[in-house]
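Please consult the sequence and the structure shown here.

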Amino acid sequence: TTAVLTLMVASNTVVLGYLGNPYPSATVMAGMALLVAIGMAPRGPWGNLSAGVIVGWMVMTNPYGAILAVVAYVAVVSARGDNSASRIAQAGLWGLVGTAIGFGVLWIVGRFLFPGFDWVQTYLFWNAMIDQSDYIYDDN
């Protein structure tokens with residue numbers, strides 16, 4: 001069952017839409033496959049913590065793909081049952097802790113390996129430079 005569901009997620013048309021650039025799409029597909037496999041595994045804080053670390057890695061490589069992967073993970077975990085409020089809160093808390101750990105470790109290692117460069121500043125700067133109207137209007 002896990003293998004079939006992982007195959008379905010890996011061949012999802014939304015993910016395949018990323019194929020214009022193979023690095024982000026491969027990252028999204030790998031991250032989604034890992035999250036689906038973790039979502040299908042027995043529960044516990046380590047599973048949610050591991051899922052969070054993977055999401056932290058995905059945020060560093062493709063933030064929009066991370067959103068897609070989190071939605072897939074939540075759907076898989078929700079389909080397993082036991083959706084009590086305390087269970088959801090506990091899973092969410094462990095996931096956020098894992099995301100902070102994954103993101104933080106990668107960010108600190110990147111700052112150490114590449115002094116003078118900062119992922120957060122670069123991401124915020126270049127996203128501020130994006131003009132969404134470039135994707136809507138053609139001035140030619």
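On a 1 Å grid over the protein atoms alone, a pocket is an open set of points with protein on both sides within 12 Å along at least five of seven lines, whereas a cavity is a set of points where a 1.4 Å probe fits but cannot get out; lining residues have an atom within 4 Å of a point. The model is predicted: local features need pLDDT of at least 70, side-chain atom pairs count only at pLDDT 80 or more, and totals for chains, interfaces and linings use all residues. Residues are numbered from 1 along each chain as its sequence is written, and side-chain values use heavy atoms, with hydrogens and water left out.

Volumes are the space filled by probe spheres set on the points, which are joined across faces, edges and corners.

| Space | Volume |
|---|---|
| Largest cavity | About 60 Å³ |
| Largest pocket | About 340 Å³ |
| Second largest pocket | About 170 Å³ |

The second largest pocket is lined by Met60, Leu106, Trp107, Gly110, Arg111, Phe114, Phe117, Asp118 and Trp119. The greatest contribution to this lining, four residues, is that of α6 (helices are DSSP runs of H or I, at least four residues, numbered from the N terminus).

In the largest pocket, Asn48, Tyr73, Val74, Ala91 and Gly92 are the closest to the centre among 20 lining residues. Two or more lining residues come from each of α4, α5 and α6 (85-113), with the largest share, seven residues, from α6.

One cavity of 30 Å³ or more is found in the whole structure. Its lining includes Asn48, Tyr73 and Arg87.
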